[in-house]
Amino acid sequence: MRFLPVNLDALLVELDDLPQTLALLTSLQAEPIAGIEELVPAARTLLVRYRPAKVSHAALVERIGARSLTAPVERTATLIEIPVDYRGEDLDEVAQMLGISREEVIRRHTASEYSVAFTGFAPGFAYLSGGGSGLNVPRRSTPRTRIPAGAVGLAGEFSAVYPQASPGGWQIIGVTAKPMWDLGREVPALLQPGFRVRFIDTTGRPALASPAPAPEPAAAPVAIESDGAALEIISAGLQALFQDTGRHGQAGQGVSASGAMDQGALRAANRLVGNASDAACVEIAYGGFQFVCRGEAVAAFTGADAPIELVSNDGARSIVPGYQAIALSDGDSLTLGAPRAGSRSYLAVRGGFAIAPVLGSRSTDTLAHVGPAPIAAGDLLPVHQVARGAVIGLYEQPPADLPTVEQTVTLDVVMGPRTDWFTPEAVALLATQVWTATPQSNRVGLRLTGKQPLARANPAELPSEGTVVGAIQVPPSGQPVLFLADHPLTGGYPVIGAVATYHLDRAGQIPIGASVHFNPIQPFGTP
């Protein structure tokens, strides 16, 4: 085993092959180590997220290193058959690469039984192993901007089915109408780790001649029974989403945690109105948000430094501060303006919003399309009624160092796990060059640009491996992407470092156009 740093609360275990990875995963699942919070297996690595207060990095390395990698991994009895129309756009190219006919590609693909090795990239996206070396082909040199839902692809030693339309670089050999992801099922992901899979050739049959339909978008914000107040949305601004502390524990279905970009601000908003600190709030990007209160409520805004105007039901206007509980009467309205510093604000209401959770969370994952739909003008957001006398927070300290476009934002970085895939000059450049947040940034990642790209020393294709919030992934362009709350569970480009956990909230508040400086740190006593 090789242990690679990921962040202050995560490490990557690199192994020789997939069987060793699955053997270690099975061992850690059968005999858990206290403090481990999540395991994300991949082709030759196991990402381990842990709680440093429960187990130290050194103790974790020692205890994992003592595990046996020889135990056989048992597959379940569950067999899933997937009908495929083998007329994919890359089928002829795959046949040419392998020096065989397209008919032989189909025969090889349907002759083998596969096993779900691990999940990632997107909800319901399963990496299928066991097809043999006869179909080992590289990813496309230039990924497509859109691959349809149901596309059946090859990449390296794996086969997979795209559960939803998305960008991707796999070689597409066919399409299926069988849905891989369906929130209407008790377990939305059709393919679970350990399941057996067989592909059935149904090329040309009318029922399967067209691509599978795309899955439903994020579920609407379904209201649950509430006899409390409600917020009538007049303007939602650029983007307003329900967010809580995240959808943890769903890695087996290929679902990452998502959650608030600024977790500290979310918790502070909830404390101000007397809610549990992990309750759902409305996350508002760049202001422009307005609502009218229907009934009586107590609200609070935290996060970005933005003007807040209160218009009472009699027409009186006043400016109210953030980080303070605001008593609202029926007909009062609040308007959140454009931020002076930071980029995201959080609205909490005493009692919490009465909306139904999706997979145990009320967070909206914009990449995976899981959770409530974005909030729009005209929506009526119901609020749980609270018994009289509910405790309301007295005071919360606003942050003093919110990012602005006028000042360079410094973020501490834990180097690894793939720092050695870059030239020494690129590693130095990461810390010495100032990077700019581009307009292509969103909740998935902060896309950065610098005068000089980061050059790789290792040009090989990296097998997909688990990623964390804060990971700095470097695509072929050499311009880094800082993964944020809605990042994919696994990624195929090398990660040069990760923003330290204590600076993640700051990273989530960086506005478009801001300058970013990375400051490497030395955790765990490394030289």
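In the predicted model described here, I308 stands opposite L336 in strand 22, where strands are DSSP runs of E with at least two residues, numbered from the N terminus. Side-chain values rest on heavy atoms, with hydrogens and water left out, and residues are numbered from 1 along each chain as its sequence is written. As the model is predicted, local features need pLDDT of at least 70 and side-chain atom pairs count only at pLDDT 80 or more, whereas totals for chains, interfaces and linings use all residues.

Strand 19 pairs with strand 22 (residues 333–336) in the antiparallel sense over four bridges; two strands are taken to pair if DSSP finds at least two bridges between them. Strand 19 (residues 308–311) is also joined by four bridges to strand 20 (residues 317–320), again in antiparallel orientation. Here the bridge partner of I308 is V320 in strand 20. Five residues lie between the strands of this hairpin, in which G315 adopts a positive phi near 95°.

A further element is an open sheet of five strands in the order 15-16-23-18-21, with antiparallel pairing. Its edges are formed by strand 15 (239–243) and strand 21 (326–328), each of which pairs on one side only. On average, neighbouring strands of the sheet are turned by 25° against each other, direction ignored; axes are lines fitted to C-alpha atoms, for helices over the stretch in contact (heavy atoms within 4.5 Å), and angles run from 0 to 180 degrees between N-to-C directions. Within the sheet, four bridges connect strand 16 (residues 281–285) and strand 23 (residues 341–349) in the antiparallel sense, and V282 stands opposite L347 in strand 23.
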